[in-house]
Structures are given as C-alpha cells and as structure tokens.
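Reader: I am new to reading protein models. Could you walk me through this one, feature by feature?

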Amino acid sequence: MRIRQHVNPTQLHFARFRGERPPLDARLVELEIGCADAQFLFERAAADPTRLYVGLEIREDLTLAVNKRARATGLPVHAVFCQAQLHVKEVFPAASVERVYVNFPDPWFKRRHHERRMVDDVLAEQIAHALRQGGELFVQSDVWAIALDAMATFDADDRFTNASGEWTFWKQGNPYGVRSWREQNAEETGLPIWRIMYRRA
Ligand SMILES: C[S@@+](CC[C@H](N)C(=O)[O-])C[C@H]1O[C@@H](n2cnc3c(N)ncnc32)[C@H](O)[C@@H]1O
C-alpha cells in the first residue's frame, strides 16, 4: 500500500469528520493522537489486552492498515481517520479517556508551515474534553521547538498539571515499557528526547 508522507491538516478536505468511531464500552481507553502505524498502541495492547487502544490519524491509508492488523491479530486497537484538532470531541464523550499520548508530532520545520503543527490551544481544548479527571497526558518529541511548544501550551492551561513541577521536563524516561516507531528510531540514532507528563486537573 502506498502511504503519503505528509498531509496538510489545514485543508478544508479534513474539516468534516468522516472516520469510523471506535467501539467504546466499559473498557478503559488509551488514546494516541497522530498514531501513524500504531506500533506504540499494538505493543500496549499486547501487554494489557483488557483496555481499548484508540489511535487518531489524519492519513486515512494508515488507519486502514492499522485496523487490518488489529483484525488479523485480534488486539484491541482501533484507528480513526480524522483531523485530531477538530475531531477528538466527535469521537469521545467528555472524561471518557484514561490516558492520552502525543508521541513525536510532525515538526513542520519551515516557518510558513508552522500553522500545520498539531499541538496548540485548539488540540488542548479537545484533550481537556476527552481526558478524565486525574488522567494522564504524555508528550514526547525529539525536536526541541516542538517540545517547548507543547510545554507552553499545556503548562499555561489550568486544566493540566505538570507532574514534574511547572515548566519542567519529565526526566524518568518513558514509563510505559513500549516504544513508538519514531521513538525507537530516535533512540537507535542517539537523538535526544524531551518528555512531559501532565495530569488532568
Ligand atoms: C512523526 S509521526 C509520529 C507517529 C507516531 N506517533 C510515532 O511516534 O511513531 C506524526 C503523525 O501524526 C499524524 N498527524 C499529523 N497531524 C495530525 C492531525 N492534525 N490529526 C491527526 N493526525 C495527525 C501524521 O500523519 C503522522 O502519522
């Protein structure tokens, strides 16, 4: 399957929600925003198959591949095609998610492309809606500017409490025992990774 490298999330094409909603039920939900191949979620699901693992992804081809793999393996992973900044509220009722992962958001390095970056106040509003009180938000990036953007967004928002203390990175490493594809790549090539842990206030 040919998968596009990048898509522009500001395109009108993505404004309307056209994804397939996940089978929400009594299971605890973990959500990765921008899941790509969902390596992180598949590994989480293998470690604890009692939960439901939902990935939001703007590249539709990837969601099809993830859902095909989920059916083949029987693991409780479900990818939803959407523009996460607009559609988290379409997918999840308020306070229905236990944990949110934002693993290695696209950096969009060129200044004229900064408006395409995913982590901003608009996404924070969507996450604040979905995450239950006390639930975790974990952010990681190998790009300093993106990690700082994320800290500026969530530390300035009263709905999130930085678990390491205000304006402080999480120094304990990834506590979940699984790695995303990009995380594995960054670690194998020796790139630094900045991480931040929040709780929903
Ligand atoms: C650099 S990749 C990281 C993928 C994965 N989280 C990892 O760590 O390996 C970022 C992913 O976010 C997706 N993405 C970017 N903007 C998005 C948006 N607004 N809504 C949903 N997904 C988005 C991209 O298509 C891409 O698959």
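Author: Gladly! A residue is near a molecule if one of its heavy atoms lies within 4 Å of it. Here 19 residues surround the ligand, and the closest are Glu32, Gly34, Glu57, Arg59 and Ser180. This is a predicted model, where local features need pLDDT of at least 70 and side-chain atom pairs pLDDT 80 or more, while totals for chains, interfaces and linings use all residues. Residues are numbered from 1 along each chain, and side-chain values use heavy atoms, without hydrogens and water.

Reader: Which backbone atoms lie 2.9 Å from the ligand?

Author: Look for polar contacts, pairs of N or O atoms within 3.5 Å. A polar backbone atom of Asn103 is 2.9 Å from a ligand nitrogen, and a backbone N or O atom of Arg182 lies 2.9 Å from a ligand oxygen. Taken alone the ligand exposes 600 Å², of which the protein buries 94% (Shrake-Rupley method, 1.4 Å probe).

Reader: In what order do the strands form the sheet?

Author: Strands are DSSP runs of E, at least two residues long, and two of them pair if DSSP finds at least two bridges between them. The 7 strands form an open, mixed sheet in the order β3-β2-β1-β4-β5-β7-β6. β3 (77-81) and β6 (160-162) are at the edges with a single partner strand each, so one side of each has no neighbour in the sheet. Further in, β1 (29-33) and β2 (52-57) pair in the parallel sense over 5 bridges.

Reader: Which residues of helix α4 are buried?

Author: Buried means under 20% relative accessible area (1.4 Å probe, protein chains only). In α4 (121-130, a DSSP run of H or I, at least four residues), the buried residues are Leu123, Ala124, Gln126, Ile127, Ala128 and Ala130.

Technical notes
Buried < 20%, exposed > 50% of the residue type's maximum accessible area, 1.4 Å probe, protein only. Polar contact = N/O pair within 3.5 Å; in protein donor to acceptor, adjacent residues only side chain to side chain.
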